[in-house]
Amino acid sequence: MPDAIEFIRNAPLGTRMTVRKRIPGGFTDAVGYLRECSDGECVVETPRGLVAILLDDVTAAKAVPPPSPRRAPRYPPLG
């Protein structure tokens, strides 16, 4: 998808984004921060680590807002 690839190529490094790519049997998404981009691939840093994505496999991409802040755990009151 040319628009998605152009978005990735033009996005500043550090942009938080979701990138959808084709895989055998369907699609998968990588959500994280753009760390690298070359003519043939981009690298997105997800919570599970770095994910290299061939631009030829990209079907959609867009910027996403920062993650919500983590909430403190809720415990039952003491006593």
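A residue counts as buried under 20% relative accessible area, as exposed over 50%, and as partly exposed in between. The model shown in these views is predicted.

**View 1. P67 is partly exposed, in the segment after β5.**
The relative accessible area of P67 is 47%, so P67 is partly exposed. P67 lies in the segment that follows strand β5. Which residues does P67 touch, leaving aside its neighbours within four places in sequence? P67 is in contact with R16 and Y33. L50 makes another reference point: P67 and L50 are 17 residues apart along the chain. Their C-alpha atoms are separated by 17 Å.

**View 2. The whole protein chain holds one helix and five strands.**
Start at the N terminus and follow the chain: the elements run α-β-β-β-β-β. The C-alpha trace spans about 60 × 30 × 20 Å along its principal axes. The radius of gyration is 16 Å, while a compact globule of 79 residues would have one near 12 Å. Buried residues make up 25% of the 79 residues. The chain exposes about 6000 Å². Carbon and sulfur atoms supply 55% of that area. Now take the contacts between residues at least 6 apart in sequence. Of these, 44% join residues at least 24 apart.

**View 3. Five strands form an open sheet.**
Read across the sheet and the order is β4-β3-β2-β1-β5. The pairing is antiparallel. Which strands stand at the edges? They are β4 and β5. Each has a single partner strand, so one side of each is left without a neighbour in the sheet. From one strand to the next, the twist averages 40°. In general, strands of a sheet pair through backbone hydrogen bonds, either parallel or antiparallel.

**View 4. A hairpin joins β2 to β3.**
Three residues link the two strands. Strand β2 covers residues 26–37, and β3 covers residues 41–46. How many bridges pair β2 and β3? There are four, in the antiparallel sense. Find C37 in this view: C37 stands opposite C42 in β3.

**View 5. A hairpin is formed by β3 and β4.**
Two residues sit between these strands. Strand β4 covers residues 49–54. The strands β3 and β4 run antiparallel, and six bridges join them.

**View 6. Strand β1 pairs with β5.**
Five bridges join β1 to β5. The two strands run antiparallel. Strand β1 covers residues 16–23, and β5 covers residues 58–63. Here R20 stands opposite A60 in β5.

**View 7. T18 is a buried residue of strand β1.**
Is T18 buried or exposed? Its relative accessibility is 15%. The cut-off for buried is under 20%. T18 therefore counts as buried. Set aside residues up to four places away in sequence, and the contacts of T18 are D29, A30, V31, A60, A61, K62 and V64. Among them is A60, the residue of β5 that stands opposite R20.

**View 8. L13 is exposed, in a loop.**
The loop that holds L13 runs between α1 (2–10) and β1 (16–23). L13 has a relative accessible area of 58%, so L13 is exposed. L13 still has contacts. Not counting residues up to four places away in sequence, L13 touches L34, R35, E36 and C37. Take E36: L13 and E36 are 23 residues apart in sequence. In space they are 6.7 Å apart, C-alpha to C-alpha.

**View 9. The largest nonpolar core has 14 residues.**
Which core residues touch the most other members? They are I8, V19, C42, I53 and V58. The elements that give two or more residues to this core are α1, β1, β2, β3 and β5. The largest share, three residues, comes from α1. In soluble globular proteins, nonpolar side chains tend to be buried together.

Methods. Residues are numbered from 1 along each chain as its sequence is written. This is a predicted model: local features need pLDDT of at least 70, side-chain atom pairs count only at pLDDT 80 or more; totals for chains, interfaces and linings use all residues. Side-chain values use heavy atoms; hydrogens and water are left out. Two strands pair if DSSP finds at least two bridges between them. Buried means under 20% relative accessible area, exposed over 50%, partly exposed in between (1.4 Å probe, protein chains only). Contact means heavy atoms within 4.5 Å. A nonpolar core is a set of buried Ala, Val, Leu, Ile, Met, Phe, Trp, Tyr and Cys residues joined through side-chain atoms within 4.5 Å. Axes are lines fitted to C-alpha atoms, for helices over the stretch in contact, and angles run from 0 to 180 degrees between N-to-C directions. The radius of gyration is taken over C-alpha atoms; the globule rule is 2.2 Å times the number of residues to the power 0.38. Accessible areas come from the Shrake-Rupley method with a 1.4 Å probe; for residues, only the protein chains shown count as cover.
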